[in-house]
Amino acid sequence: MNIRAQVSSVFHLDKCIGCHTCSIACKNLWTDRKGVEYMWWNNVETKPGTGYPTQWENQEKYRGGWEKKGDRLQLRLGGRGGLLGNIFHNPRLPTMDDYYEPFTYRYGELTSAPAGNDQPTARPVSMISGRPMKIEAGPNWDDDLSGSGIYAANDPGVLQLSREQRAQMFAVERLVMLYLPRICNHCLNAACLAGCPSGAIYKRGEDGIVLINQDKCRGWRMCVSACPYKKTYYGWATGKSEKCVLCYPRLEVGEAPACFHSCVGRIRYLGVLLYDADRIEAAAMQDDKDLVAAQRQIILDPFDPQVLAAAGKAGIAEQVLEAAQRSPVYLFVKKWQIALPLHPEFRTLPMLFYVPPLLPVVSEEHLGTQRLVDDYFTTLENARLPLQYLAGLFTGGNTEEIKAVYRKLMAVRIQRRRITVGDLSESEVAKARELGEVSAEQIEAIFRMTALTSIRQRIVVPPMLREQAIEAGMDPERHKQEMGFGSRRSPKRRW
Amino acid sequence: MTDLILFGVFPYIAVTLAGFGGIYRYASDRYSLSSQSSQFLESRMLFWGTVPWHFTIILILLAHLLALLFPTAWGTLLGRPLRLYLLEISGVSLGLVAVVSMLVLIVRRAINQRITTVTTVIDWVLLAALLLQVATGVYIAVTLRWGSLWYLHTATPWLWSLVKLDPQVSYMAVMPAVVKVHAVNAFFLLALLPFSRLIHMISVPLAYMGRSPQVVVWYRR
Amino acid sequence: MKNGWLRQVSLLLICYLWFCFPPSACAADLVDGDPQRGKALFAGTTSFAQGGAPCLACHGIAGRGMGMAGGASFGPDLTSIFDDYGAEGIVGTLDDLTFPSMEPIYATRPLTAEEQADVGAFLAKTAEEAQLPTVSRMTGHVAIGLAVISALLVVFGRGRLQGVRRPLVLGVRTGKGGRR
Ligand code: SF4
Ligand code: SF4
């Protein structure tokens, strides 16, 4: 057993209101520089939709993530030799046109235009070349199902459904959507990392955050292609790849990452998970349908004395173990088993989990308003959002796994409805609990964690103990009156 | 006098610039030790430029290097007329491809507005020098046959005399102008190495073949 | 290598002779020269004892066995040099290669007497043969080389990602691709 700690998260999709506050918080903090305007380390997609970059889930095109080659895993991008052979021209690099060309408007022309017969207009100009351009796409171009005939219809998940399922899904009175906020998953078996020819990408041992060393990055762009979630981006002005850093400077001082902190729907949970690093590869080798279970299995119980002892031996600090015991992520993922990884079939073992949304699945249109269906127990089979679609997103196509989650979520709803509205009988509630395999106490705990928590319960930042770590390596006294450790250069290229 | 400066002095200046410039850039600005890729802004045309360019120029450079380092073996290799001819034909073909692909790269930089915004003056200097180098190379190979053989008895001894700090300028002094241009421009390119994107030559990521697929870094271990 | 030792001995002998009589002192006699050996020296199959460049590096010649490689063009073609210079002239020239571009190479690496004789004998023999139309044939062969490289490139370039969003949107708008 080789125990490591991972700062991981849960996004509760039933709570996301699609406000993009998270994206803006991230943008203001990290990606408001030249060359990274187009990057959204945090983005919120509408599903069904093609997402950002367009059809990122289609690995036939982008070739991200891992695939099984006999009894070992290989990047879908190719073996090491093939990857180096393609180093002069990345065969699977999405170009700016697959994201969008960043633009602004010549607002000045609105006020400075000479008097004339026409209204002055502000023309859109490219933020790259500075020339007038035709806007073809933008961030969240398909937000809230806009252009659904093009975008939602060509969602790779939708394309996998049968013709009937699609027709059912796209019937006007049934069409439904959900928001999918995405950041880097800080995977255990990160494909971006494995694909980096320069060895610039690394996982931090203490907290599992995946970072790109900007001084070592040579801009080969293989990480962009290798990451199946398209969560590393190429900075066209600096020639370096950049990605979500999970706001590690904020975490190190005990603050939540900016997107977590600003989340209006309070959908984001953060906490430590302990896992067995020796079993990463074995877990990633399972068949598609077993990947979720395998990933759950390598996550360890932070209350198990054996685990604690081994963790102590592996050098994980007491305070971190204590934080792991308070981790809401552990509850969602392992204890209640209602949070699932996004696209486990990419085999990177993503450490960001999603509670799938109940409302779009079991609501119906009634006299012009949306409401929950009354018949809880049969709805899953002909759910408004086909279960195959959800299984394609969260369980590698395993519909049983996703059904189990939904039965739990429905049990929570039924029990709470009996308590608050009181129009259901206890026998109905008991039946729901039995189907969902949850106890009444667990339901109350899930309910509280979902609806009534404070930020300190939702976001349990482990003490990062950076000061001790730094002191172990260098003497702070010697660096007195300096601005941080070492010199600082701006990320600018001169040649 | 001119010959002495061009073939006896300038090479040393170029090597010094390359050496010290390279060390300076490595030490002071490791962030920029790469060639800034523009594939993200334009990918299609780039393929027809960069891929043939790199593969052909690597092979051509390799031939120059082998003839310099192992002149006897090279001479034996080309001792049969058929081998000599095959090598020359291959060389000319590779050279022509290099010229065309360099033209593609130059045109791409000139006409694509996205790419022009990420192009610097030194990029243009470099591209022009590279074009001049491959163009003169092909011209020499076609008109002054067989370069792969006389190189051994002119350029190789001259370059070795430079290494031995006893420059024998006479070898180059008697050469036609185009050969002189080719030789001087080669050292100009060398001098340009640390001051341009050419520096990416030193960042060939061969270590990738051997490293473990996952990299974990600890503060304290 | 049946008479390998013979070669060794003769080489030793040459060296000895060269020591006793420096090359310029003894003009070689073409009659003694071996055209076969001369050809090998000309093409570089056998190196000159002093390390001079093989003639073929720069000079074209239409000798049998040189094939297309006989089309060197740095220096003048030597196919019919025998007719112009005659035996005397050839030997004299080979003995003292003081053409401007040859001087740096051969001043310190002259041909030995025997080599002069062999090369001279070879040149005497080639005088009857006709020039090959090298350049046009070469063009054809280079074209083949270019075709091979282009084919490799096309194969290498197949299946690369050629944009996703634009083709998708265009396809749906024109009803050609994507799905409605
Ligand atoms: S989501 Fe992508 S970028 Fe993030 S760790 Fe995983 S493979 Fe790397
Ligand atoms: S801030 Fe929260 S609620 Fe708003 S879009 Fe982002 S994740 Fe959803």
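Helices here are DSSP runs of H or I of at least four residues, and strands are runs of E of at least two. On that basis chain C holds 7 helices and 0 strands, and its elements run α-α-α-α-α-α-α from the N terminus on. The model is a predicted one.

**Chain C**

Chain C has 180 residues, of which 42% are buried. Among its contacts with a separation of 6 or more, 63% join residues 24 or more positions apart.

One helix pair of this chain is α2(C), residues 35-43, and α5(C), residues 113-126, whose axes come within 7 Å and cross at roughly 100°. Angles from 65 to 115 degrees count as roughly perpendicular, and α2(C) and α5(C) are therefore roughly perpendicular to each other. On the α2(C) side, the contact involves Pro35(C), Arg37(C), Gly38(C), Lys39(C), Leu41(C) and Phe42(C). Their partners in α5(C) are Glu114(C), Glu115(C), Asp118(C), Val119(C), Ala121(C), Phe122(C), Leu123(C) and Lys125(C). By class, this contact comprises 7 nonpolar, 1 polar and 6 charged residues.

In soluble globular proteins, nonpolar side chains tend to be buried together. In this model, the largest nonpolar core has 136 residues, and Tyr38(A) and Phe394(A) have the most contacts inside it. Helix α18(A), residues 399-420, gives the most to this core, with 8 residues. Leaving aside residues up to four places away in sequence, Tyr38(A) touches Tyr52(A), Met96(A), Tyr99(A), Tyr100(A), Pro102(A), Tyr233(A), Tyr234(A) and Trp236(A), together with Phe40(B) from chain B. Another core, of 61 residues, lies apart from the largest one and includes Ala57(C), Ala69(C), Leu94(C) and Val119(C).

**Helices of chains A and B**

The axes of α18(A) and α20(A), residues 440-451, come within 10 Å and cross at roughly 90°, which makes the two helices roughly perpendicular. Ala411(A), Val412(A), Gln415(A), Arg416(A) and Ile419(A) of α18(A) form the contact with Ala440(A), Ile443(A), Glu444(A), Ile446(A) and Phe447(A) of α20(A). These residues divide into 7 nonpolar, 1 polar and 2 charged.

In chain B, helix α8(B) spans residues 155-163; 7 of its 9 residues are buried, so the helix is largely enclosed by the rest of the structure. The buried residues are Ala155(B), Thr156(B), Pro157(B), Trp158(B), Leu159(B), Ser161(B) and Leu162(B). Their cover includes α1 (2-28), α2 (44-69), α3 (71-77), α7 (147-153), α9 (170-173) and α10 (177-192) of chain B. After α8(B) comes Leu165(B), with a positive phi near 60°.

**Ligand surroundings**

How values were computed
Residues numbered from 1 in each chain as written. Chains lettered and ligands numbered in written order. Predicted model: local features only at pLDDT ≥ 70, side-chain atom pairs only at ≥ 80, totals over all residues. Heavy atoms only, no water. Axes fitted to C-alpha atoms, helices over the stretch in contact; angles between N-to-C directions. Parallel < 35°, antiparallel > 145°, perpendicular 65-115°, else oblique. Contact = heavy atoms within 4.5 Å. Nonpolar A, V, L, I, M, F, W, Y, C, P; charged D, E, K, R; others polar. Core = buried A, V, L, I, M, F, W, Y, C linked by side-chain atoms within 4.5 Å. Buried < 20%, exposed > 50% of the residue type's maximum accessible area, 1.4 Å probe, protein only.
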